[in-house]
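Work through the exercises below with the sequence and the model in view. Try each task before reading its solution.

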Amino acid sequence: MKRTRQQALSTRDQILDAAERVFAERGVFHATLEAVALRAGFTRGAVYGHFRNKGDLFVAVTNRVTLPMELLVAAAVDAAEPDPLGKIRALLVYCLGTVVIEPHSRHVFEVLFTNCEHTHDKGDMDIVFERQRDAARKGRKQLEQGLINAIARGQLPLELDTGRASSVVHAFLGGVLRDWLMDQDSIALPRDAEYLSDVCIGMLRDSPSLRRTR
């Protein structure tokens, strides 16, 4: 029984590896379970033995990595954290560095940012798009709490508009990753991960546009 379970897990991992490549090459809309099965060297039935549909398969692929905003969910939300801004910076550096050195992360981010078509007829992909929206909403909310904690620690100005700032950080992170994935000559990652993170932190500290207006 133990051997059978190990074989099943190995088969599942092979299917997920194949799915990553097929999604990256064809895009989510044009990818098929038949193409994934062919790439993995299994029958279509073997794929259905592990996944209900394409949406279920793609969610499993993304679950093997942590989406950028899901990393930020854990950033500095503890009021007892002595360096909340440092935690946020460390997570930005991690997000911008991991995408280029961890193969599964790179494949998934490439699909999500450059090859995941949003259509009105999503069908079994509804769960994928809802996960993206939910991750962004949670990430912005938790990041805002981290910024509030940083203000309380005297690390950011009292007048910082934390709601606007959290949205800007979200857009900054997604934009950098998307630009790099589309054109790797545009930004040097992971080399410039710390530099870019410091740019973002500096913006939070110094930009008048991120201050609350009275």
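**Exercise 1.** At roughly what angle do the axes of helix α7 (residues 103–114) and α9 cross, and within what distance do they come?

Solution. First, the ground rules. This is a predicted model, in which local features need pLDDT of at least 70, side-chain atom pairs count only at pLDDT 80 or more, and totals for chains, interfaces and linings use all residues. Residues are numbered from 1 along each chain as its sequence is written, and side-chain values use heavy atoms, with hydrogens and water left out.

Step 1. Helices (H or I, at least four residues) and strands (E, at least two) are DSSP runs, numbered from the N terminus. Axes are lines fitted to C-alpha atoms, for helices over the stretch in contact, and angles run from 0 to 180 degrees between N-to-C directions.

Step 2. The axes of α7 and α9 come within 10 Å and cross at roughly 100 degrees. That makes α7 roughly perpendicular to α9. The classes are: under 35 degrees roughly parallel, over 145 roughly antiparallel, 65 to 115 roughly perpendicular, the rest oblique.

Step 3. Now the contact (heavy atoms within 4.5 Å). From α7 come Arg106, Phe109, Glu110, Phe113 and Thr114; from α9 come Gly174, Leu177, Arg178, Trp180, Leu181 and Met182. By class, these residues are six nonpolar, two polar and three charged. Here Ala, Val, Leu, Ile, Met, Phe, Trp, Tyr, Cys and Pro count as nonpolar, Asp, Glu, Lys and Arg as charged, and the others, Gly among them, as polar.

**Exercise 2.** Which residues join α9 to α10, and which way do the two helices run?

Solution. Step 1. Helix α9 spans residues 162–182 and helix α10 spans residues 193–206. Their axes come within 11 Å and cross at roughly 160 degrees. The two helices are therefore roughly antiparallel to each other.

Step 1. The crossing is right-handed. A crossing is right-handed if the near helix is turned clockwise from the far one by less than a right angle, and left-handed if anticlockwise.

Step 2. On the α9 side are Ala165, Val168, Val169, Phe172 and Val176; they meet Leu196, Cys200, Met203 and Leu204 in α10. This contact has nine nonpolar, no polar and no charged residues.

Step 3. Look at the loop between α9 and α10, where Pro190 lies. The peptide bond from Leu189 to Pro190 is cis, with omega near 5 degrees.

**Exercise 3.** Follow α8 from end to end.

Solution. Step 1. Helix α8 covers residues 126–152, 27 residues in total. Its span from first to last C-alpha is 39 Å, close to the expected 39 Å.

Step 1. Its buried residues include Val128, Phe129, Arg131, Gly139, Leu143 and Ile151.

Step 2. Just after α8, Gly154 takes a positive phi of about 75 degrees.

**Exercise 4.** Is Arg52 buried or exposed?

Solution. Step 1. Find Arg52 in the loop between α3 (44–48) and α4 (54–63).

Step 1. Its relative accessible area is 63%, so Arg52 is exposed.

Step 2. Arg52 and Gln6 lie 46 residues apart in sequence and 21 Å apart in space, C-alpha to C-alpha.

**Exercise 5.** How many helices and strands does the chain have?

Solution. Step 1. The chain has 10 helices and zero strands.

Step 1. The C-alpha atoms fill a box of roughly 60 × 40 × 35 Å along the principal axes.

Step 2. Of the 214 residues, 44% count as buried.

Conventions. Expected span 1.5 Å × (residues − 1). Buried < 20%, exposed > 50% of the residue type's maximum accessible area, 1.4 Å probe, protein only.
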